[in-house]
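Colleague: Hey, can you walk me through this one? I'd like to start with the aromatic rings.

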Amino acid sequence: MLKPVFILLLSCMLAPMAASALNIKDYHKAVMTDANGKVDCVACHGDAKRKTIPDAATCSSCHGSPEEVAKLTQRPADAGHSVEPNPHDSLHYGTDLPCTYCHQEHKESKVYCNQCHEFTYPQMKR
């Protein structure tokens, strides 16, 4: 009698961890989910273990090179200080900062530069 109760309790405790591990942003879910509703982890992680962080080339294969992304997010020339600096063309790092320093797929994304600065990027996706 205790064994089924233990298994039920254990599965209830592990279910939230499994769900958070599979948390995928909606815009990626749309392109990474097959007809059966299964997410293709290999698309980003390759054949490596799931917890391997994708390299920049993997991000670039869909989103473009770091230079292309920086061009898409450049601030207008006449913006002055009313617009935050381009997060993809940093004064300190240029376009060399890895995507994963800010963009997180399975948890909340963060602005890496805010370790020292206080930038707000209102259009940053989750």
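Modeller: Tyr-101 has 37% relative accessibility, so Tyr-101 is partly exposed (buried means under 20% relative accessible area, exposed over 50%, partly exposed in between, with a 1.4 Å probe and protein chains only). This is a predicted model, where local features need pLDDT of at least 70, side-chain atom pairs count only at pLDDT 80 or more, and totals for chains, interfaces and linings use all residues. Residues are numbered from 1 along each chain as its sequence is written, and side-chain values use heavy atoms, leaving out hydrogens and water.

Colleague: How many aromatic pairs are there?

Modeller: Three aromatic pairs. Rings of Phe, Tyr and Trp (its six-membered ring) pair if their centres lie within 6.5 Å; planes under 30 degrees apart are stacked, over 60 edge-to-face, the rest tilted.

Colleague: What about Tyr-101 and Tyr-112?

Modeller: Their ring centres are 4.9 Å apart with planes at 55°, so that pair is tilted. Tyr-112 is partly exposed, at 22%.

Colleague: And Phe-119 with Tyr-121, how are the planes set?

Modeller: At 55°, with centres 6.1 Å apart, so that pair is tilted. Tyr-121 is buried, at 19% relative accessibility.

Colleague: Which residues form one aromatic cluster?

Modeller: Tyr-93, Tyr-101 and Tyr-112.
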